[in-house]
Amino acid sequence: MMRNASFITALVLLVLTGAVSSLLAYRSVPIVVATNLEKLPMEIDGYHAIEDTFPESVYKELNADKHLYRHYWDADGSVIDLYIGYYGTAKGGRTGHNPYACLPGAGIAIVEAKDAFLPAKGGAGRVKVNYILARNEYNIMMLHWYQTAGSKVMSSGLKQNVERFVGRVINNRNDGAFVRVSSTVSDKDFPGGKQKLERFAAKVLDLLPQYWPIER
């Protein structure tokens, strides 16, 4: 009896998977009609932004639909860098790159990597993201996460894949973004530097859903 139940369950899952795959294959793929990220405020938490760009070879490698790369300066001369790479549904909704592979590949050592928690909008709990301390000639402090459906934040690409699959089935959309907030700090500025980075990242978390790209 148990064997029959397992067989029926597997058969149902197989049929459902086939039905979902057929449904996805016949639906049109939405395209990005408004990137919107460029409208993200040039002033965040008292920091004022300067736009920057990467070499064209980097953009070609990342292959995103929209890049946002800015340096935000405060009155004391502290700088926080913001990078957002957005991938529409047609490009699979996520980057194939991540800091754990790309930093060592660039000759930058990862000294510490662990979870970090940012306050959710409206004080509704906390959002888990990733914290990395890396070092070349400088200490590089970094918070990064994956985001999809405008407001859903995930700390891993695997979780983002699950959310993208659900979004594709229900809303015919699985776009997503990689978000990185980083700064260089001296050894004596570690605690204060991390607090500034977390406060700025929390502001970005609050703002990003308002400037999420539109697909149709």
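Which residue follows α4, and is its phi positive or negative? The residue is N172, and its phi is positive, near 55°. Let me take you through the rest.

Some ground rules. This is a predicted model, where local features need pLDDT of at least 70 and side-chain atom pairs count only at pLDDT 80 or more, while totals for chains, interfaces and linings use all residues. Residues are numbered from 1 along each chain as its sequence is written, and side-chain values use heavy atoms, with hydrogens and water left out.

Names next. Helices (H or I, at least four residues) and strands (E, at least two) are DSSP runs, numbered from the N terminus.

Back to helix α4. It covers residues 157-171, which is 15 residues. From first C-alpha to last, α4 reaches 20 Å, close to the 21 Å expected at 1.5 Å a residue. That expected span is 1.5 Å times one less than the number of residues.

Which residues of α4 are buried? They are G157, Q160, R164, G167 and R168. Buried means under 20% relative accessible area, exposed over 50%, and partly exposed in between, with a 1.4 Å probe and protein chains only. Seen down the axis of α4, the buried residues fall within an arc of 100°, so they line one face of the helix. The arc is taken from the directions from the helix axis to the C-beta atoms. L158, V162 and I170, on the other side of α4, are exposed.

Now the core. In soluble globular proteins, nonpolar side chains tend to be buried together. A nonpolar core here is a set of buried Ala, Val, Leu, Ile, Met, Phe, Trp, Tyr and Cys residues joined through side-chain atoms within 4.5 Å. The largest one has 34 residues. L40, L82, I84, L143, W145, V181 and F200 touch the most other members. Elements giving two or more residues to this core include β5 (79-87), β8 (139-148) and α5 (190-207). α5 gives the most, with 6 residues.

Look at F200. Leaving out residues up to four places away in sequence, F200 touches I44, D45, Y47, Y72, I80 and V181. Contact means heavy atoms within 4.5 Å. Another core lies apart, with 7 residues, among them Y83, Y87, Y146 and F178.

On to the strands. Two strands pair if DSSP finds at least two bridges between them. β6 and β7 pair in the antiparallel sense over 10 bridges. A113 stands opposite I132 in β7, and P119 has R126 in β7 as its bridge partner. The two strands form a hairpin with 6 residues between them. In that turn, G122 has a positive phi of about 75°.

β7 and β8 also run antiparallel, joined by 6 bridges. Their hairpin goes through 3 residues. N130 has H144 in β8 as its bridge partner. Of the 10 residues of β7, 7 are buried, so this strand is largely enclosed by the rest of the structure.

Last stop: E215, in strand β11 (residues 214-215). Is E215 buried or exposed? E215 is buried, with a relative accessible area of 9%. Its side chain reaches the backbone nitrogen of T89 at 2.7 Å. A polar contact of 3.2 Å joins the side chains of E215 and R173. A polar contact is a pair of N or O atoms within 3.5 Å; within protein, one must be able to donate a hydrogen and the other to accept it, and residues adjacent in sequence count only if both atoms are side-chain atoms.
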